[in-house]
Amino acid sequence: MGSSELIFRGHESQSQSDDRYSPKPFPSGRWVPPPVSYLLREQRLLFVLVGMALSSLILTLSPSAAVPPAAASAGGEAIFVSRSLAVGPGVIERQQQPRRMHVAGKVPLGLRRKGLRVVVTGGAGFVGSHLVDRLMARGDSVIVVDNFFTGRKENVMHHFGNPNFELIRHDVVEPLLLEVDQIYHLACPASPVHYKFNPVKTIKTNVVGTLNMLGLAKRVGARFLLTSTSEVYGDPLQHPQVETYWGNVNPIGVRSCYDEGKRTAETLTMDYHRGAQVEVRIARIFNTYGPRMCIDDGRVVSNFVAQALRKEPMTVYGDGKQTRSFQYVSDLVEGLMRLMEGEHVGPFNLGNPGEFTMLELAKVVQDTIDPNARIEFRENTADDPHKRKPDISKAKELLGWEPKIPLRQGLPLMVSDFRKRIFGDRSSTDTAAAA
Ligand SMILES: NC(=O)c1ccc[n+]([C@@H]2O[C@H](COP(=O)([O-])OP(=O)(O)OC[C@H]3O[C@@H](n4cnc5c(N)ncnc54)[C@H](O)[C@@H]3O)[C@@H](O)[C@H]2O)c1
């Protein structure tokens, strides 16, 4: 290397007449700012434009680039993917659009589905399994999500093998991602015996489980229905209970994990509706009975029926003068489906306004099963509401719904199912299916 090369690195040393750098002349008489003049020199502008065109082309063709930020940052809302209904390109396409209200039918032409894709959480339970039967009969694709805490595979196994039916063992406290149009959220133990068994788990199911399902509804644009309860009215000071009544609930009692859990679930549902435009529906269910109820679950109808069948005394808590209304399960399912398909958010009371004291109920059970069945009085449990009767004017007017099956007609259907399950009487007709 010669010494001259070292010398010529200095700016001062560079000759003014160095011809290695010769900018193109610009039209004289017009001042051009230095950055623009830099761009215009030596076809740099052309290179910049070609570079921009190339990078846009690469971004358009790359599949990962189409994933919207929402899908990447859904953090905690949904992480698992179902086996057969896993999220595919369709979801990506749908998530790029502004959040819309109800998505059913928004699929490309030629791929149009016949029925809806519906998730029923708690679908292996008492109410859930009857709802699944109706949805399957309608031709929907149904996915049951259940952890089998109180639900049983036997309740839905008659659908096994049907391509429209899927059963996923899953706890709703954990997030789940499914591509569906409607979510019926029933997962929660409903009888005092079960919800008091693990109160922390009960409130987690109501709060975290409902959050997860609302997150799913928001993410895939599904309509969400919450099965709340008449327990949100607590020990009511208003009778019968109208939806506008705010209730009288003990926040620290042994039933609070359920009552307050459901109240919070209602709050979350409305907040997702107002804040995230999720389409929601809220049903406040009153005492329901029918085939497939858990035997010995502490609920009064199943208790009386099981006890009378086993020739045990029917246990009445307190003086037996507290009242309840009893709705047959097929009436409830009809109400839930009308609510889901209708245009009203609710909440709606779904129950049978026919009011019975515990002693009157015991009499109906005696008449149906055994006139000699005995009654035994026990001390009442804490926070047991004295009166409960729905005002169903709102459901009548806006959903065109009211219960049809009176207690004396519905009870024999349940008795037949219980007899079969307690005594293994296979000769009985399957009233569960018939109902
Ligand atoms: N049956 C009634 O009289 C009544 C009254 C008011 C409200 N409800 C509501 O209706 C819904 C269904 O009640 P039901 O009578 O069928 O009760 P159920 O106990 O028979 O059914 C509940 C189902 O949810 C499942 N489940 C519970 N926790 C779960 C979890 N963490 N993850 C996944 N699955 C879970 C259970 O295994 C069961 O299959 C409940 O939300 C309940 O609060 C029922």
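Q: How do strand 2 and strand 3 pair, and over how many bridges?
A: They run in the parallel sense, and strand 2 and strand 3 share five bridges. Two strands count as paired when DSSP finds at least two bridges between them. Strands are DSSP runs of E with at least two residues, helices are runs of H or I with at least four, and both are numbered from the N terminus.

Q: Before we go on, what kind of model is this?
A: This is a predicted model, in which local features need pLDDT of at least 70 and side-chain atom pairs count only at pLDDT 80 or more, while totals for chains, interfaces and linings use all residues. Residue numbers start from 1 along each chain as its sequence is written.

Q: Thanks! Which residue is the bridge partner of V145 in strand 3?
A: That is I168.

Q: And over how many bridges do strand 1 and strand 2 pair?
A: Five bridges, again in the parallel sense.

Q: Is strand 2 buried or exposed?
A: Six of the six residues of strand 2 are buried, so the rest of the structure largely encloses this strand. Buried means that 20 or more other C-beta atoms lie within 10 Å of a residue's own; exposed means 12 or fewer, and partly exposed is in between, with C-beta atoms placed from the backbone.

Q: Which residues of strand 2 are on each side?
A: On one side you have S141, I143 and V145, and on the other V142, V144 and D146. Both faces are covered.

Q: Zooming out, in what order do the strands of the open sheet come?
A: Seven strands form this open sheet, with the order 3-2-1-4-5-6-11 and parallel pairing. Strand 3 and strand 11 are the edge strands, each pairing on one side only. On average, neighbouring strands here are turned by 20° against each other, direction ignored.

Q: Changing topic: how many residues surround the ligand?
A: There are 29, and the closest are G122, G125, T150, G151 and A190. Helix 6 (126-138), helix 8 (199-220) and strand 5 (223-229) each give two or more residues to this shell. A residue belongs here if its C-beta atom, placed from the backbone, lies within 6 Å of the molecule.

Q: Which helix gives the largest share of that shell?
A: Helix 6, with three residues.

Q: What's the shell like by class?
A: It has 14 nonpolar, 13 polar and two charged residues. Here Ala, Val, Leu, Ile, Met, Phe, Trp, Tyr, Cys and Pro count as nonpolar, Asp, Glu, Lys and Arg as charged, and the others, Gly among them, as polar.

Q: Where is A124 found?
A: In the loop between strand 1 (117-121) and helix 6.

Q: Is A124 buried or exposed, and why?
A: A124 is buried, because 28 other C-beta atoms lie within 10 Å. Leaving out residues up to four places away in sequence, A124 touches several residues, including V144, D146, F148 and G151. Touching means that two C-beta atoms, placed from the backbone, lie within 7 Å.

Q: You mentioned F148. What is its phi?
A: F148 has a positive phi of about 60°, although it is not a glycine. Most residues other than glycine have a negative phi, and most peptide bonds are trans. F148 sits in the loop between strand 2 (141-146) and strand 3 (165-169), and F148 is partly exposed, with 13 other C-beta atoms within 10 Å.

Q: What about the phi of Q277?
A: Q277 is not a glycine either, and its phi is positive, about 60°. Q277 lies in the loop between helix 9 and strand 6 (280-285).

Q: Last one: which residues does a cis peptide bond with omega of about 5° join?
A: G346 and P347. P347 is in the loop between helix 11 (329-341) and strand 11 (348-350). The bond from H239 to P240 is cis too, with omega near -10°.

Definitions and conventions: Axes fitted to C-alpha atoms, helices over the stretch in contact; angles between N-to-C directions.
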